[in-house]
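Biologist: I'd like to learn how to read a structure like this one. Could you walk me through a few features?

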Amino acid sequence: MAQQKKNLSRPLLAAAVVVVLLAAIGIGWMLGRGGFDEPTPPATASQDSSASTSNGEAAGSCGLPAGSDAAPTEAPEATWEVVRGATVPRSQEFGPAKVTDDGDRACYARNPTGALFAAVNFIGMPIDVFLEEHITPGPYKDLYDGLEIPEPTPGEVLTVRGFKVEPKGPDRVTVTVVSSLSTGTTMTATPGDMVWKDGDWMVDGTQENQGSTKVTSLDGYVEWGPK
């Protein structure tokens, strides 16, 4: 079963991105540098996320301001770098505010844009760190415990091209990341469900990986990525 998912997605993101993308968002992106699949109907969403904070109030374990709870409709400013074969963004406003030597990229703003930054950064993370720190308990997480992800192919970079962010309730966001490989022109869109838990954004481990789908344009998405 794990092998089947692996063939569906290392973007994530995810997914996209590893997708990094995202990572669905974490694993789907991480696995999805290849084939496409029809979306799998998601499981019932967990409702154990933390309560919302008011705009401008510091939130999370790293003190980043909560900011606006509106979904981003324009490309947020970011500094881009290549990490483990994927382009990942960083921002003083949205995170990650914590990057460690073992590859962890944590501490994001408690708003939909912070969730976007988290989802894309998960793609550039070692799989063991991601599973330990950035996905909630559930069957989706259990499916990938112990799964070994191969190192990125030298010279191949998963590049973010765009996104769509859809708030689903207090501290719950669906992030779809569009990405392509530097060695080709095909774009894939990888969705993932993010929840705010224990002071940071995480992938919802109760949600089944919906897989990646091929897209031919960025219509319906916000164009975003390294220039």
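Biologist: Which backbone nitrogen does the side chain of Thr-87 reach?

Modeller: First, bear in mind that this is a predicted model. The side chain of Thr-87 reaches the backbone nitrogen of Val-160, at 3.1 Å. Thr-87 itself sits in strand β2, which covers residues 86–90.

Biologist: Is Thr-87 buried or exposed?

Modeller: Buried means under 20% relative accessible area. Thr-87 has 5%, so it counts as buried. Leaving out residues up to four places away in sequence, Thr-87 touches a set of residues that includes Trp-80, Val-120, Leu-158 and Pro-226.

Biologist: Leu-158 is on that list. Where does Leu-158 lie?

Modeller: Leu-158 is in strand β5. Its relative accessible area is 4%, so it is buried.

Biologist: Let's turn to aromatic rings. What describes a pair of aromatic rings?

Modeller: Two things: the distance of the centres and the angle of the planes. Here the count is seven aromatic pairs. One of them is Phe-163 with Trp-224, at 5.4 Å centre to centre and with 85° between the planes, which makes the pair edge-to-face. This pair ties together distant parts of the chain: Phe-163 belongs to strand β5 (residues 158–169), Trp-224 to the segment after β10 (222–223), and they are 61 residues apart. Both Phe-163 and Trp-224 are buried.

Biologist: Which residues do ring pairs link into a cluster?

Modeller: The cluster consists of Trp-80, Phe-94, Phe-117, Phe-163 and Trp-224.

Biologist: What about phi at Cys-107 and Asp-198?

Modeller: Cys-107 is not a glycine, yet has a positive phi of about 75°. Asp-198 is not a glycine either, and has a positive phi of about 55°. Cys-107 is in the loop between β4 (105–106) and α3 (112–122), while Asp-198 is in the loop between β7 (187–197) and β8 (200–203). Cys-107 has 5% relative accessibility, so it counts as buried. Asp-198 has 64%, so it counts as exposed.

Biologist: How many of the residues of α3 are buried?

Modeller: Eleven of eleven, so the helix is described as mostly covered. Among the buried residues are Phe-117, Val-120 and Phe-122.

Biologist: Last topic, strands. How many bridges join β5 to β6?

Modeller: Ten, and the two strands run antiparallel. Pro-167, for example, has Val-173 in β6 as its bridge partner. Two residues lie between the strands in this hairpin, where Asp-171 takes a positive phi near 60°.

Biologist: And how do β6 and β7 pair?

Modeller: They are antiparallel too, over nine bridges. Arg-172 stands opposite Val-195 in β7, and a hairpin of five residues joins β6 to β7. Strand β6 (residues 172–181) is mostly covered, with nine of its ten residues buried.

Technical notes
Residues are numbered from 1 along each chain as its sequence is written. This is a predicted model: local features need pLDDT of at least 70, side-chain atom pairs count only at pLDDT 80 or more; totals for chains, interfaces and linings use all residues. Side-chain values use heavy atoms; hydrogens and water are left out. Rings of Phe, Tyr and Trp (its six-membered ring) pair if their centres lie within 6.5 Å; planes under 30 degrees apart count as stacked, over 60 as edge-to-face and the rest as tilted. Helices (H or I, at least four residues) and strands (E, at least two) are DSSP runs, numbered from the N terminus. Buried means under 20% relative accessible area, exposed over 50%, partly exposed in between (1.4 Å probe, protein chains only). A polar contact is a pair of N or O atoms within 3.5 Å; within protein, one must be able to donate a hydrogen and the other to accept it, and residues adjacent in sequence count only if both atoms are side-chain atoms. Contact means heavy atoms within 4.5 Å. Two strands pair if DSSP finds at least two bridges between them.
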